[in-house]
Amino acid sequence: MKRPFDKINKNDIIHDNIDIIDTINYTNRYRFYNAIEEMVFQKIKMADELQSRGICTNMPIIRINLACPDEKLYPSQSERVFKIMTNAKRYGLIIETNVVEPVCLNSWVGRLIRETATPGFRNIFESAYHYYYPQTYNLATQRKELSPHKIIISPNDALQQGLCDFIFLNNGTIKSR
């Protein structure tokens, strides 16, 4: 993930890679969404071409590299991303996720990993981890709230719990279940 990033817009599209390095809650996100949509459209055309030739074993891949600091769902900001990815899955595209820095499972990124990533293509780097804030019940307000204390899930635990399929180790090897 050592690429020169735009200092203003850290989220970017490069070939079949979607780099989500910054928050989704930023002013110029529509340029990013449009680029994702265009890339997915091109991949869908490739998938249609492969299927018309009877080649269904090697579907196009969309790689999503995640180092997003978001801890919220941002439903209105992330809705378009989920619509685009749902469309991609409908056409049989493979959605690979690569967690390169810690990500919050309570966030829209956590939802992306849990609900959108193609099983067998959910990866995490050894130096990254998942974390979440457990939900508790507050007797005073009689509501469910997120605890202020985060729970860290190591890459090994994520592998055991089925949150990822592969760990890219620092020594260049890969660990799987």
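Leaving aside its neighbours within four places in sequence, with which residues is Pro69 in contact? In this predicted model, in which residues are numbered from 1 along each chain as its sequence is written, local features need a pLDDT of at least 70, side-chain atom pairs count only at pLDDT 80 or more, and totals for chains, interfaces and linings use all residues. Side-chain values use heavy atoms, with hydrogens and water left out.

With neighbours within four places in sequence set aside, Pro69 is in contact (heavy atoms within 4.5 Å) with Ile21, Asp22 and Thr23. Pro69 itself is found in the loop between strand S3 and helix H2, where helices (H or I, at least four residues) and strands (E, at least two) are DSSP runs numbered from the N terminus. From Ile14, Pro69 is 55 residues apart in sequence and 20 Å apart in space, C-alpha to C-alpha.

Confidence in the model is expressed as pLDDT, the predictor's confidence in each residue, from 0 to 100. The protein chain averages a pLDDT of 90, and 95% of the residues score at least 70. Over residues 1-5, however, pLDDT stays under 50, and for this stretch the model has eleven contacts beyond four places in sequence.

The strands are described next, with two strands taken to pair if DSSP finds at least two bridges between them. Seven strands form an open sheet with mixed pairing, in the order S1-S2-S3-S4-S6-S11-S12. Its edge strands, each of which pairs on one side only, are S1 (12-14) and S12 (174-176). On average, and with direction ignored, neighbouring strands of this sheet are turned by 20° against each other. Within the sheet, S4 and S6 run parallel and are joined by three bridges, and Thr97 has Arg122 in S6 as its bridge partner. Three bridges also join S6 (residues 122-125) to S11 (residues 166-168), and these strands run parallel. Here Asn123 has Phe166 in S11 as its bridge partner, while Ile124 stands opposite Ile167 in S11.

Another open sheet, of three strands with mixed pairing, has the order S5-S7-S10. Its edge strands are S5 (103-104) and S10 (151-153), each pairing on one side only. S5 and S7 (residues 130-132) run parallel and are joined by two bridges, and Cys104 stands opposite Tyr131 in S7. Elsewhere, S8 (residues 135-138) and S9 (residues 143-146) pair in the antiparallel sense over four bridges, with Arg143 in S9 as the bridge partner of Asn138. S8 and S9 form a hairpin with four residues between them, and Gln142 in the turn has a positive phi of about 55°.

For the helices, axes are lines fitted to C-alpha atoms, over the stretch in contact, and angles run from 0 to 180 degrees between N-to-C directions. H1 lies across S1, S2 (17-20) and S3 (61-66), running at about 30° to S1. H2 also packs on the sheet, where it touches S2, S3 and S4 (94-99), and the direction of H2 makes about 130° with that of S4.

Helix H1 (residues 29-52) and helix H2 (residues 75-90) pack at an angle of about 5°, with their axes 10 Å apart. That angle makes H1 roughly parallel to H2, given that angles under 35 degrees count as roughly parallel, over 145 as roughly antiparallel, 65 to 115 as roughly perpendicular and the rest as oblique. The residues of this contact divide into nine nonpolar, four polar and three charged, where Ala, Val, Leu, Ile, Met, Phe, Trp, Tyr, Cys and Pro count as nonpolar, Asp, Glu, Lys and Arg as charged, and the others, Gly among them, as polar.

The structure holds five aromatic pairs, a term applied to rings of Phe, Tyr and Trp (its six-membered ring) whose centres lie within 6.5 Å, with planes under 30 degrees apart counted as stacked, over 60 as edge-to-face and the rest as tilted. Tyr30 and Tyr33 form an edge-to-face aromatic pair, at 5.7 Å centre to centre and with 85° between the planes. Because they are three residues apart in helix H1, Tyr30 and Tyr33 are separated by about one helical turn.
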